[in-house]
Amino acid sequence: MATAMALRLFGRRTSIAARGFSSSCETEKAAKDGKPINLFSAINQALHIALDTDPRAYVFGEDVRFGGVFRCTTGLADRFGRSRVFNTPLCEQGIVGFAIGLAAMGNRAIAEIQFADYIYPAFDQIVNEAAKFRYRSGNEFNCGGLTIRTPYGAVGHGGHYHSQSPESFFCHVPGLKVVIPRSPQQAKGLLLSCIRDPNPSIFFEPKWLYRLAVEEVPEHDYMLPLSEAEVIRQGSDITLVGWGAQLSVLEQACVEAAKEGISCELIDLRTLIPWDKETVEASVRKTGKLLISHEAPVTGGFGAEISASIAESCFLRLEAPVARICGLDTPFPLVYEQFYMPTKNKILDAIKATVNY
Amino acid sequence: MAVRLMRLPTLAWRKMASLAAFGRSLCPTSPLFPAPACGNHGSLLRPVRHLGSGEAAGERVLQVDNRCSDQVLDFPGGKVMFVPEMRFLPGSANERINCYRVLDDNGQTISGSRFQEVSKEVAIKMYSDMVTLQVMDTIFYEAQRQGRISFYLTSNGEEAINVASAAALTMDDIVFPQYREPGVLLWRGFTLQEFANQCFGNMLDYGKGRQMPIHYGSSRLNYFTVSSPIATQIPHAVGAAYSLKTDGKNACTITYFGDGGTSEGDFHAALNFAAVMESPVIFFCRNNGWAISTPTEEQFRSDGAVVRGQAYGIHSIRVDGNDALAVYSAVHAAREMAVHDCRPVLVEALTYRVGHHSTSDDSTKYRSIDEIEHWKTARDPVSRFRKWVEGNGWWSEAAEVEHRSSTRKELLRAIQVAERAEKPPLSELFTDVYDQVPANLREQEKSLRETIKKHRNDYPSDVPV
């Protein structure tokens, strides 16, 4: 399969920074008329389209007006005006609370939380308000127009508070959708789906890939389906499941494993809740083995949920224990980042151990 | 609260670092925020030259520059004077902010009082809705005591706040309530049957029996559904108000909360956002003295909520919450300001929670019966307003008896109907989590139905499965 992804390296350690991707058939078709752009530009395109196609769409958050600290909102305020694209005070619970009220009036409220590490002050608003807004009112009201965008994950030098992957907290909350893209094409299509989905969603953006990942992205308006996982590499010996930036690490492990004659099937879950259990199950029924990998700490991570579900539904087909290669159960550490991370060789070792179980 | 570390080695990060440094240069670093040393402190510092008579201009300027006494700092937000004295702002003013009132304790208008005129029709509806609210509270409270509903929470003592604030608004204004404002909904036309359906959680409850009693809501009446967490609705009102503003609507939002709610982060976030975003929202604080058992002196040390509104740059007023005319007038004026000037306004109503916090509370454990009795009788907002309405010849003892009696009958009937109505069907357990029922919930519903077939007695018989 041709790799439509060019890599641009930055950062100190190329061994970490080198992240490759496979494009699926789905995105390859979409890419025909695309230009190579990076992930933040793909997000930026999606936001331009969202604001352009819906006069009731708003983009706001800390430092959003000048383009945002990751440049995702560049040019929006100039084009759509400061009443639709604006800075907010530095207060995450305020941003989400305000966004819920705006969304409840029939608007598309696209709120940015500058780093996922800072989303916790908004936890109550997300969990007790946004997620329950429709249910508790018996559908008298909803805030389905709410989308929270936030950069997550390791970046090579972010330490405790610029590296976290808090997705599993939100996967425990009925009423939310949690979506994480792996590449520029995916980011654009999935973000537009989140924005237009009639349910509140949290869109975690892999900040390591903002500049690093470059891919041909169609310029036109397109959406990718939520709650549909994507098999991005067919295989027969073991199923690997991940999301976001971790996909490229898994991909590298697949390539290495292939050299040793192990055929890996790689699945990008894309939407974590409500998640596409069928696709993972079908794959595990074929391969009989499962490995899940995410950057967040292993205990209570979303990998645990996938593991438990597959153990329930595919128990007799499983030929080895489900492997989880994830972040360690420590705060995200600065100088120990490489030790903490679920790196290629940790995954490769686990693939071999599982296949040879 | 978020610390942004900007020492990161990419171009974008470096750009951020320079911006962050700019931000920091505007911030005081010393707790005393000392006037910078004389001389050039960047373009922010512009010495003002006062030329005294009989003095050589050059000499005078030099003197001023050396003393730094009457310089002006052109700082974001406006000019700031430098002074040589070290003066701390006191934590409170010498006198408390006074309280706007129209009716005295005997229901007579205070001479010189200025208030918004209320028509006979509106005044009668205001008064009769206050009485309805009282009757409703009495009967629902009893129903809870008899075990017919699981929970209740009265608005006793706050009838004027409920009804008069609602009367000063239009139906296009959007309400984000806490939970002690059912009178607003009553004013807007929520029927006693609708109240009863919610409290009994039957199939006619708009909330489909999912929330505890008193969690009312109605999209028809622009009244957002109550949620239990304190103060979470306040920032919603700001976002919704922003929407009204950008849509050019002739309307505002109003959000209610108690004295306890002003301690929550959401209160502060909302006030600050509203001021900055210039959103047409009325923040209505019911300062009733008690947050469950916590008195206001253990809640905050500011002079109530009103000064905090001002601190955030919001027009604010303190009003006698037991004076229906004062509440009506203040909210009427606040609405005018909010809608026409596109700005937030804060109203702090001083009142008293005459009832217990809820049916799960016994407030005599933490406050004196005398105190409760005083507010219940001498300061009762309903009888005070009645005196004024009667004084105008618009109400009578006969009307009173008739209204209380017919309301009581209507409510008892509503309760019987609500009690007999079916509960919402089991399928509604799984709807509305999302706009459509996702696969995991369909699977869980299927599994639950199989369990119910096997263990029917484990489950309530009044929920249709």
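Domain bounds, as I use them here, come from an automatic or database domain assignment. With that understood, chain B has domain 1 at 120-420 and domain 2 at 429-458. The centres of these two domains of chain B, taken over C-alpha atoms, are separated by 37 Å. One caution before going on: this is a predicted model.

Staying with chain B, the overall picture is this. The chain has 465 residues, and 40% of them count as buried. It holds 14 helices and ten strands. If you take contacts between residues at least 6 apart in sequence, 73% of those in chain B join residues at least 24 apart. UniProt, in an unreviewed entry, lists "domain: Dehydrogenase E1 component" for residues 130-425 of chain B. That span is 46% helix and 11% strand, and its end C-alpha atoms lie 35 Å apart.

Next, one helix inside chain B. How many of the residues of helix H4 of chain B are buried? Nine of the nine, across residues 159-167, so the helix is largely enclosed by the rest of the structure. The buried residues include B:Glu159 and B:Asn162, along with B:Ala160, B:Ile161 and B:Val163. What do they pack against? The partners in chain B are helices H3 (120-145), H5 (182-188), H10 (324-341) and H12 (381-391), together with strands S6 (281-287) and S10 (345-350).

Helix H10 of chain B also contains B:Ala338. That residue is buried, because 28 other C-beta atoms lie within 10 Å and the cut-off is 20 or more. Leaving aside neighbours within four places in sequence, B:Ala338 is in contact with B:Cys252, B:Pro280, B:Val281, B:Ile282, B:Arg343, B:Pro344 and B:Val345. For a sense of distance, B:Ala269 is 69 residues from B:Ala338 along the chain, and their C-alpha atoms are separated by 18 Å.

One backbone detail in chain B. B:Ile292 is not a glycine, yet its phi is positive, near 45°. The residue sits in the loop between strand S7 (290-291) and strand S8 (294-295) of chain B.

Now the contact between the chains. Chain B puts in 44 residues and chain A puts in 45 residues. On the chain B side, helices H1 (11-25), H7 (233-246), H8 (265-277) and H14 (439-454) each supply at least two residues. The largest share of that side, nine residues, comes from H7 of chain B. By class, the side of chain B that touches chain A divides into 23 nonpolar, 16 polar and five charged residues.

On to chain A. The domain assignment gives domain 1 at 5-217 and domain 2 at 230-355. Their centres, over C-alpha atoms, are separated by 24 Å. The contact between them takes 30 residues from domain 1 of chain A and 29 residues from domain 2 of chain A. On the domain 1 side, the elements giving two or more residues are helix H8 (167-170), strand S7 (177-179) and strand S8 (201-206) of chain A. S7 of chain A gives the largest share of that side, three residues. By class, the domain 1 side has 14 nonpolar, eleven polar and five charged residues.

UniProt, again from an unreviewed entry, places "domain: Transketolase-like pyrimidine-binding" at residues 37-212 of chain A. That span is 38% helix and 18% strand, and its end C-alpha atoms lie 10 Å apart.

There is one helix pair to show in chain A. The axes of helix H5 (residues 92-104) and helix H6 (residues 123-130) of chain A come within 8 Å and cross at roughly 25°. That makes H5 of chain A roughly parallel to H6 of chain A, because angles under 35 degrees count that way. H5 of chain A contributes A:Gln93, A:Val96, A:Gly97 and A:Ile100, and H6 of chain A contributes A:Asp124, A:Gln125, A:Ile126, A:Glu129 and A:Ala130. By class, this contact has four nonpolar, three polar and two charged residues.

Last, two backbone points in chain A. A:Arg270, not a glycine, has a positive phi of about 65°. It lies in the loop between strands S12 (264-268) and S13 of chain A, and counts as buried with 27 C-beta neighbours inside 10 Å. A cis peptide bond joins A:Ile273 and A:Pro274, with omega about -15°. A:Pro274 is in the loop between strand S13 (271-273) and helix H12 (277-287) of chain A.

Terms used: Residues are numbered from 1 along each chain as its sequence is written. Chains are lettered from A and ligands numbered from 1 in the order in which they are written. This is a predicted model: local features need pLDDT of at least 70, side-chain atom pairs count only at pLDDT 80 or more; totals for chains, interfaces and linings use all residues. Two residues are in contact if their C-beta atoms, placed from the backbone, lie within 7 Å. Helices (H or I, at least four residues) and strands (E, at least two) are DSSP runs, numbered from the N terminus. Ala, Val, Leu, Ile, Met, Phe, Trp, Tyr, Cys and Pro count as nonpolar, Asp, Glu, Lys and Arg as charged, and the others, Gly among them, as polar. A residue is buried if 20 or more other C-beta atoms lie within 10 Å of its own, exposed if 12 or fewer, and partly exposed in between; C-beta atoms are placed from the backbone. Axes are lines fitted to C-alpha atoms, for helices over the stretch in contact, and angles run from 0 to 180 degrees between N-to-C directions. Angles under 35 degrees count as roughly parallel, over 145 as roughly antiparallel, 65 to 115 as roughly perpendicular and the rest as oblique. UniProt positions are given in the numbering used here, feature names are shortened, and annotations may be inferred rather than shown by experiment.
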